[in-house]
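The description moves from the strands to the whole chain and then to individual residues.

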Amino acid sequence: MTINLLLACKDDTANSSTKAAKTCPGENPQFSIEFFKANNQGQKSAKGINHVIIFNPKSPKLDFKVNVGLSHKLYAKDKQGKFIRNYVPKQFNEIITDANSQLNGQRPLAAINADYIGTDDKPQGLNISRGVEYSGAFKNRRSSFGISGGRPQERIATLQTGRRSNNILNYNLVGGNGRFYRQGKFKDICQDLGEFACKQVTNRSMVATTSKGYVILLVNDLKANSVIEASPVNQELLPDMFDDVLAGIARNNCLGKIQEGMLFDGGGSPGLYYTGKIYLENGGAIGSVFLIYKTSN
């Protein structure tokens with residue numbers, strides 16, 4: 001009888017640990033990616049305005065790529081062996097479904113809009129897709145987000161200005177702007193953005209990395225293609241609110257502390273796609289998208 005009780009206790013403990021790991025991604029070594037909605041305190045909410053993707057860059061179940069608006073095949077070369085870069089404006093739904101959005105014949109599992117597009121239809125920041133650069137005039141002045149190459153267990157998510165000193169880190173990069181976290185310290189960047197982008201155009205698209213190596217992708221827009229219930233803790237984000245929602249998401253999912261954070265293109269550009277559904281798309285053309293794929297592992 002005693003032995004049976006001990007076994008039952010062990011089983012309960014094991015089940016509790018398994019349940020905890022499943023409900024808290026950062027404590028689960030097998031975690032790869034998850035989509036959910038959250039309020040502005042980072043709490044999961046079925047009617048939340050924040051559409052969130054969290055993922056582990058080191059997961060062997062995932063792979064990554066960057067796509068830009070081109071009139072030809074990505075990585076195509078001319079007769080002299082130089083990469084062709086004939087840019088054309090593309091909206092979010094086009095750039096995540098054209099032939100260039102595929103990786104090894106597979107459509108992306110997830111996607112988020114990234115870089116700004118100039119009046120010349122060219123991306124403005126640092127954009128590199130599987131080691132091939134498609135960058136603009138501000139590539140050395142604006143921050144960018146990226147996932148390194150190499151074996152899955154060695155992948156690192158970085159967020160900084162310009163090319164990385166270690167070339168393996170310059171594998172998949174997308175340009176952005178508006179850096180509001182640096183080395184774990186939060187800054188309200190309202191003054192940096194200016195009055196229009198700070199207080200009038202308040203739909204947002206952003207990325208953050210954590211101390212445990214996880215990545216948070218987030219779009220916030222009342223026009224999203226899902227049920228949203230606006231409230232004082234569930235509204236479009238002003239820059240001083242970025243900390244609350246991201247820190248809450250990181251804490252509630254055991255991801256560690258936020259280390260780096262950056263805005264992607266806002267205004268008419270935010271877009272988010274996950275498992276066959278576009279949760280958000282605005283009318284503007286975009287400079288690049290960051291794409292996530294599910295592997296066969």
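Two strands are said to pair if DSSP finds at least two bridges between them. Helices (H or I, at least four residues) and strands (E, at least two) are DSSP runs, numbered from the N terminus. The model is a predicted one, in which local features need pLDDT of at least 70 and side-chain atom pairs count only at pLDDT 80 or more, while totals for chains, interfaces and linings use all residues. Residues are numbered from 1 along each chain as its sequence is written, and side-chain values use heavy atoms, with hydrogens and water left out.

## The sheet and its hairpin

β12 and β13 form a hairpin with four residues between them, and Gly213 in the turn has a positive phi of about 90°. These strands belong to an open sheet of seven, in the order β1-β2-β13-β12-β14-β10-β11, with antiparallel pairing. At its edges lie β1 (33-38) and β11 (185-186), each of which pairs on one side only.

| Strands | Bridges | Opposite residues |
|---|---|---|
| β2 and β13 | six | Phe55 and Val215 |
| β12 and β13 | six | Ser205 and Val219 |
| β12 and β14 | five | Val207 and Met262 |

Strand β13 is mostly covered, for six of its six residues are buried; buried means under 20% relative accessible area, exposed over 50%, and partly exposed in between (1.4 Å probe, protein chains only). From β13, Val215, Leu217 and Val219 point one way, Ile216, Leu218 and Asn220 point the other way, and all are buried.

## The helix on the sheet

Which helix packs on the sheet? Helix α5 (residues 242-252) does so, touching β1, β2 (50-55), β10 (177-182), β11, β12, β13 (215-220) and β14. Contact here means heavy atoms within 4.5 Å. The direction of α5 makes about 135° with that of β13; axes are lines fitted to C-alpha atoms, for helices over the stretch in contact, and angles run from 0 to 180 degrees between N-to-C directions. The buried residues of α5 are Phe242, Val245, Leu246, Gly248, Ile249 and Ala250. Just after this helix, Cys254 takes a positive phi of about 55°.

## Nonpolar cores

A nonpolar core is a set of buried Ala, Val, Leu, Ile, Met, Phe, Trp, Tyr and Cys residues joined through side-chain atoms within 4.5 Å. The largest such core has 29 residues, of which Ile33, Ile53, Phe55, Phe145, Phe290 and Ile292 touch the most other members. Apart from it lies another core, of 23 residues, including Val52, Ile216, Phe242 and Val245. In soluble globular proteins, nonpolar side chains tend to be buried together.

## The chain as a whole

The chain contains five helices and 17 strands. Its radius of gyration is 20 Å, close to the 19 Å that the globule rule gives for 297 residues, so the chain is as compact as a globular protein of that length. The radius is taken over C-alpha atoms, and the rule is 2.2 Å times the number of residues to the power 0.38. Along its principal axes, the C-alpha trace spans about 80 × 45 × 35 Å. Of the 297 residues, 51% count as buried. Among contacts with a separation of 6 or more, 69% come from residues 24 or more positions apart.

In an unreviewed entry, UniProt lists residues 110-280 as "domain: Phosphodiester glycosidase". Over residues 110-280 the chain is 12% helix and 33% strand, and the end C-alpha atoms are 12 Å apart.

## Residues in loops

Most residues other than glycine have a negative phi. Asp121, which is not a glycine, has a positive phi of about 70°. Asp121 lies in the loop between β4 (110-113) and β5 (128-129) and counts as partly exposed, at 29% relative accessibility. Thr275 likewise has a positive phi, near 40°. Its place is the loop between β15 (271-274) and β16 (277-281), and Thr275 is partly exposed, with a relative accessible area of 49%.

Phe83 is found in the loop between β3 (62-68) and α2 (92-95). Not counting residues up to four places away in sequence, Phe83 touches Tyr75, Ala76, Lys77 and Val132. Is Phe83 buried or partly exposed? Phe83 counts as partly exposed because its relative accessibility is 30%.

Definitions and conventions
UniProt positions are given in the numbering used here, feature names are shortened, and annotations may be inferred rather than shown by experiment.
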